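Here is a quick tour of a protein chain for anyone who would rather look at side chains than read tables. Have the model open as you go.

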Amino acid sequence: MGVESREQFNTWKDIVIPGLEADETYHGGKLRQMDVPRTIFAFFKGTIRNREGPSYSRGIRIKMRDAFEGERGREGGMGIVGVSIFCLCPRGWSPWTLRAYQAMMAGCIPVILADEIEFPFESTLDWSRLTVKIAERDSEKTLEILRAISTEEIQAKQEAITQVWRMVSYPIPSRPDDAFHSILRELGRKRRLMKASPSVFWT
């Protein structure tokens, strides 16, 4: 997952790749193999308040927490991701987050709260079918927005994730539908585009 910044990233010459999750519990799909119902509506585990103050996460994580004020919570580790419907993926210091890929590997729908974001393989994947994206200005409405999503739409997103989640995973050994091979295909596509561009020439 990348950051939309002209100084750091240029979609004409660069590609975005999925973050590396090395834990086999995730990339091996073990969490999505749990034969249990998804009883947790929304899951998040991470820093809410940073010692640097409200500038961290642009205050989004605090607003997100406030949106869930009064809701029953539950402590837990990665196993909770496997029984959650939505996994909250708010920005930190930057829009980039590994959580979205971890969520997909676990069959959880990523909820993106980061405006300046670019996803991997956008020429191939329709990320609007795989995620819920909430504008940063609406972060305090997170719970309200998620509750308004129909059961049919939730199921459609879950099914879409099931079809492509391996494209954001790095299993060992590698396999043709994983992130590594998807990156190679994307590089090949990018190379063909650049070679055909009139602005590229050799003497």
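## A walk through the model

Let's start at helix α7, which covers residues 179-196 and has Phe 180 in it. Keep in mind that this is a predicted model. With a relative accessibility of 42%, Phe 180 counts as partly exposed. Phe 180 also belongs to a nonpolar surface patch together with Leu 184 and Leu 187, and the three share about 270 Å² of accessible area.

Now zoom out for a moment. The protein chain has seven helices and four strands, and reading from the N terminus they come in the order α-β-α-α-β-α-β-β-α-α-α. Of its 203 residues, 44% count as buried.

Next, the cysteines. How many disulfides does the structure hold? There is one, and it ties Cys 87 to Cys 108 with an S to S distance of 2.2 Å. The two partners come from distant parts of the chain, 21 residues apart: Cys 87 belongs to strand β2 (residues 84-90), while Cys 108 sits in the loop between α4 (99-105) and β3 (109-113). The torsion about their S-S bond is about 115°, so this disulfide is right-handed. Both Cys 87 and Cys 108 are buried.

Cys 89 has a relative accessibility of 1%, so it counts as buried.

The two sulfur distances side by side:

| Cysteine pair | S to S distance |
|---|---|
| Cys 87 and Cys 108 | 2.2 Å |

Last stop, helix α6 (residues 151-164). Its 14 residues reach 21 Å from the first C-alpha to the last, close to the 20 Å expected at 1.5 Å a residue. Which residues of α6 are buried? They are Ile 154, Lys 157, Ala 160, Ile 161 and Val 164. Looking down the axis of α6, these buried residues fall within an arc of 130°, so they line one face of the helix. On the face of α6 turned away from the buried side you'll find the exposed residues Thr 151, Glu 152, Glu 159 and Gln 163.

Conventions:
Residues numbered from 1 in each chain as written. Predicted model: local features only at pLDDT ≥ 70, side-chain atom pairs only at ≥ 80, totals over all residues. Heavy atoms only, no water. Disulfide = S-S within 2.5 Å. Helix = DSSP H or I, 4+ residues; strand = E, 2+ residues; numbered from the N terminus. Buried < 20%, exposed > 50% of the residue type's maximum accessible area, 1.4 Å probe, protein only. Patch = residues over 30% accessible without salt bridge, like charges linked within 9 Å, V, L, I, M, F, W, Y side chains within 5 Å. Areas by Shrake-Rupley, 256 points an atom, 1.4 Å probe, with all protein chains shown as cover. Salt bridge = Lys/Arg side-chain N within 4 Å of Asp/Glu carboxyl O. Expected span 1.5 Å × (residues − 1). Arc of directions from axis to C-beta.
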